[in-house]
Amino acid sequence: MEIGKGLPTPLPVWRGKSLPLKGIKKVLVRGANWIGDAVMTLPALQALRRAFSEGHITVLAKPWVADVYRLSHLADEVFIYEDPGPHEGIGGLMKLCAHLQEEGFEAAILFQNAMEAAIIAFLARIPIRAGYDTDGRLFLLTHAVRRKKSVHRLHQVHYYLEMIRALGVAVADHTPRIVPPGNIPFPLPEGNLIGMAPGAQYGPAKRWFPERFAALADLLSASLSAQVLLFGSKADKEVTAEIKSLTQRPPIDLAGKTSLTEAMAIMARLRAFVTNDSGLMHVAAALGIPVVALFGSTNPEATGPVGSASRVIYHPVPCSPCLKASCPSDFRCMESIHVEEVFSAVKELWEEKR
């Protein structure tokens, strides 16, 4: 299954009052809060960049997604929303809103769906406040886009694109792109490198089995003379350690040892990337790395990697996609994904990149 060689045709959403695209000089964009979601907002941010070509765009983002927006090179500035931290609680929120008010933003575009995003824009006295009418925030928005139930059938990239299209912003591209940073934090081994991301923050229902990742790592090492690198956060260290213990040629375990920027710098050197449905899956695809994505409990038509160099392995079963954090039954969706078919997909992408 390939995602990105033509995403599903967008469904129409309610088109309300268009944004006044001329004359606006300062725009605040409230970014998404999760790495994968942030990557999927980038085509919409690119369209805004073209629409406000003479303006200054600031993205308001949480620290863990800030590098996604910085390395997209689409914003003039990324302002960190630190909660927990100095923007925590009512006092911290008011401090944030006062700072934003001082900046004199003329428009706020809200990719985040929560009420909080609209409250911040309202308290910052930003005159134009645009976004989906979700979470009961319609009364706080000056330019609301009605979110119909049909938008849930869209890929998340189109979910954000449809919002700004409804606001009168022209859309030309649907492919997220990140420019890789140049500095590698430490020396990498010579030869062919393949990355794996065996974790997934949402829950274990999205994770392929550690023993199969280990078997795949040994097969890639033996057949393609590849050095496998394991990626993930500190929360993934237990599963990456298990995978490493099960392999005959241990991979290099980077889980919890790099920042997101450092991980992206290393990922840019990979020949291929094997991953569960995760934020790093979207990062890899946006970096242009050939991706093999393993799906079980979630829907690849909604959150699959975007790009011609991506392959999705997904075997629909009656209970999938269930969108649950943990499997309540026999985990048959992931059980049906075998090492040999994942290896074949990696080998196919490997040969295409020669």
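**View 1. Helix H13 runs from residue 339 to residue 352.** Its 14 residues reach 20 Å from the first C-alpha to the last, close to the 20 Å expected at 1.5 Å a residue (the expected span is 1.5 Å times one less than the number of residues). Helices here are DSSP runs of H or I with at least four residues, strands are runs of E with at least two, and both are numbered from the N terminus. This is a predicted model, in which local features need pLDDT of at least 70 and side-chain atom pairs count only at pLDDT 80 or more, while totals for chains, interfaces and linings use all residues. Residues are numbered from 1 along each chain as its sequence is written, and side-chain values use heavy atoms, with hydrogens and water left out.

**View 2. Here are the buried residues of H13.** Look for Val-339, Val-342, Phe-343, Ala-345, Val-346, Leu-349 and Trp-350; buried means under 20% relative accessible area with a 1.4 Å probe, protein chains only. They cover an arc of only 160 degrees around the axis, so they lie on the same side of H13 (the arc is that of the directions from the helix axis to the C-beta atoms). An α-helix has 3.6 residues a turn, so residues three or four places apart point the same way. The buried residues of H13 pack against helix H7 and strands S7, S8, S10, S11 and S12, where contact means heavy atoms within 4.5 Å.

**View 3. The largest pocket has a volume of about 1,500 Å³.** A pocket is an open set of points on a 1 Å grid over the protein atoms alone, with protein on both sides within 12 Å along at least five of seven lines; lining residues have an atom within 4 Å of a point. Of its 47 lining residues, the closest to the centre are Trp-34, Gly-36, Asp-37, Lys-206 and Gly-279. Helix H1 gives the most to this lining, with 4 residues.

**View 4. The second largest pocket has a volume of about 170 Å³.** Among the residues that line this pocket are Arg-207, Trp-208, Phe-209 and Phe-331. Helix H8 (residues 237-246) provides the largest share of the lining, 3 residues.

**View 5. The whole structure has 1 cavity of 30 Å³ or more.** A cavity is a set of grid points where a 1.4 Å probe fits but cannot get out. Lining the largest cavity are Val-39, Pro-176, His-282, Ala-285, Ala-286 and Val-306. Helix H10 gives the most to this lining, with 3 residues.

Conventions. Buried < 20%, exposed > 50% of the residue type's maximum accessible area, 1.4 Å probe, protein only. Points joined across faces, edges and corners; volume = space filled by probe spheres on them.
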